[in-house]
Amino acid sequence: MKALLVAEYRDGKLLNSTYELVAFAEQLGADSVMFLVGSENMLPQYDGTLYLADSSKYSEFNPVVHKQMLLDVITKEQPDMVVFSHSSYGWDLAPRISLALNAAHVSEVVDIINGVPVVPVCNGKLRREVKVKTTQMVVTLQSGVFSLDVEPSGSPTVVPIDTEVAVQLVFCGYEEAETGGVDLSKAEVIVSAGRGIGKPENIEMIAQLAKALGGEFGASRPVVDAEWAEHNRQVGTTGQTVSPKLYVACGISGAIQHLAGMKKSEFVVAINTDKDAPIGEIADVFVIADLKQFVPVLTEKLVNIS
Amino acid sequence: MQILVCIKQVPDMESKFKVNADGTWYEGTDLAWRMNEYDEYAVEQAVQLKEQVGAADVTVLSIGPERVKEALKKALAMGADRAVQLIDDFAYQKDPFQIASVIAAFAREKKFDLIFTGMQSQDRGSGQVGVLIAEMLSIPSITTIVDFSFSEGQIVAKRELEGGIKSIVKTKVPALVTCQLGLNTPRYPTLPNIMKAKRKELLSISISELLKVEGKQETAKMYFPEKKGGGLVLEGDVGDLADQLIKILDEKIGVLAR
Ligand SMILES: Cc1cc2nc3c(=O)[nH]c(=O)nc-3n(C[C@H](O)[C@H](O)[C@H](O)COP(=O)(O)OP(=O)(O)OC[C@H]3O[C@@H](n4cnc5c(N)ncnc54)[C@H](O)[C@@H]3O)c2cc1C
């Protein structure tokens, strides 16, 4: 069994998720080689062959060009599996590779049971085992699931690669995240509002509870997209990563992209009307209640105590 | 300008799911169905583009059983011009490769200038169909867009990356984009537009006319994740619940002892 691991570079830096790919290959007991569009100046700590293309020449994102270089490496190495992170880079490139190889592509793998990939369905409410009918397979791995037991080490044997394929897409650079205002990453208590708050006026209720607990309020993505809260309050993969002592999730289902931002919280309280909401899986206390009734009562009691 | 929007109908994610009899998907009965959230952004962007360029025709397409007509009608009421249902009672058994092949087969002759899809479906979440359609049609695709503009045959889109960073990407049409949450604010169909939509074309074609390939993967087994337990579940009167929670917070983390 041989795996080709597709590492990632962002803004001149190697992404840590690269080591999740290594951990995955180790868990499978697979031999591996790595592919990266990056730079000599920042190589992964990896004990194996690294096919390296220069990101200053081919840019960090160009699916057409990266696809061609990857296919060249695949032809040479003949891996059984091509492994990506389930990231903006991975889910863009992986389908292109799977189609070119005529191979099955399983997205967002969270486990491998007896060689069979397992993926979440319906926001993580269900799990699905996928039977792959092709000999080669492409997978993207959900972030944070596979991790190395020991610190990564080693230095790769670098094989430089090039291509002359024409470009259809033009990458024009990055736009940084909005900053300023609240810094949730420093808050000890965060009370977050999810879509379950129902309407923008109810943000106030969440803010009041946060205040009563001496913390800040955060939000899930739909709340931010609807402009009920500012972007810098969004917790999750595309928002902030937080690690407070106490995280209170109000009307948040617990989609994987939200969990990714808050699972380092020490103590998690979830308030939800749906007993089966995936947030229940990681909550230390799961309060089954309508937040519109429960939150004001809780806030009032807290205010009266202090 | 010819525009295609691909939409899927999915269950409300707050539904109480059950695994079906052969254990390979969720039971479809007793669920509330709606348009896939990501696809609402796709429909909205297509309609906005039509409003911008004037001379445009927006076709909305969905694969599935009779009920998907509801999602198509919503898209018509949002401003799409015509709808196509590819009838398939077993769409849930098709893999992303088959679904994309069918859509590409439909789109190939029609020479769409722009194709919009959601970045993923809320139920299966594979996130592959859009890119696969584009690759099959040999046109460029841009994924996970949160900003879109079009002028003189060129698209400039912002792709969302992790951690709130965006990247700016340009390409020429014909092209395909996959839409992410927050791209725009999908409009609610107004009553007059719902009435108008009733007179728009809704064509139904059997999927067998377009499906020519075997799947590369299938669901072997579907189940609920094992409950890890550990967490305390509280239920009952809100006043009691609040007292219990305050006591726990005080004992466990002393949040009140500030
Ligand atoms: C690439 C990508 C990146 C993403 N990045 C992020 C991110 O950074 N952060 C993020 O949060 N999401 C992110 N998402 C979106 C994510 O997948 C979910 O859509 C989102 O987290 C859902 O938010 P929610 O839990 O508030 O809403 P929903 O999933 O709609 O859940 C609402 C919950 O509220 C409960 N509820 C309803 N009414 C009440 C009531 N009266 N009382 C109590 N409970 C109630 C419901 O039971 C339900 O569980 C991303 C998605 C993608 C594809």
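**Where the domains of chain A meet**

Guide: Between domain 1 of chain A and domain 2 of chain A, the count is 1 residue pair in polar contact, both residues being at pLDDT 80 or more. A polar contact here is a pair of N or O atoms within 3.5 Å; within protein, one must be able to donate a hydrogen and the other to accept it, and residues adjacent in sequence count only if both atoms are side-chain atoms. The model is a predicted one, in which local features need pLDDT of at least 70 and side-chain atom pairs count only at pLDDT 80 or more, while totals for chains, interfaces and linings use all residues. Residues are numbered from 1 along each chain as its sequence is written, chains are lettered from A and ligands numbered from 1 in the order in which they are written, and side-chain values use heavy atoms, with hydrogens and water left out.

Let's stay with that domain boundary. Chain A is divided into domain 1 (2-160) and domain 2 (184-305), with bounds that come from an automatic or database domain assignment. Their C-alpha centres lie 33 Å apart. In contact (heavy atoms within 4.5 Å) are 7 residues of domain 1 and 9 residues of domain 2. Together the two domains bury about 500 Å², with 48% of it from carbon and sulfur atoms; buried area is the accessible area (1.4 Å probe) that two parts lose on being put together, summed over both. On the domain 1 side, Asn123(A), Lys125(A) and Gln142(A) supply 70% of the buried area, more than any other three residues.

By class, the side of domain 1 that touches domain 2 has no nonpolar, 5 polar and 2 charged residues. Ala, Val, Leu, Ile, Met, Phe, Trp, Tyr, Cys and Pro count as nonpolar, Asp, Glu, Lys and Arg as charged, and the others, Gly among them, as polar.

Now step out to the interface between the chains. Here 81 residues of chain B are in contact with 79 residues of chain A, and the two chains bury about 7100 Å² between them, 56% of it on carbon and sulfur atoms. In chain B, Glu162(B), Lys216(B) and Tyr223(B) lose the most area to chain A, together 10% of what that side buries. The rule finds 13 salt bridges across this interface, among them Lys158(B) with Glu175(A), whose closest N and O atoms are 2.8 Å apart. Among the elements that give two or more residues to the side of chain B are β8 (154-160), β9 (166-172) and α6 (238-253); helices (H or I, at least four residues) and strands (E, at least two) are DSSP runs, numbered from the N terminus. The most comes from α6(B), with 11 residues. By class, that side of chain B has 37 nonpolar, 22 polar and 22 charged residues.

Strand β13 (residues 170-175) of chain A is joined to β9(B) by 4 bridges, and the two run antiparallel; strands pair if DSSP finds at least two bridges between them. Within this pairing, Lys170(B) is the bridge partner of Val170(A).

Notes: Salt bridge = Lys/Arg side-chain N within 4 Å of Asp/Glu carboxyl O.
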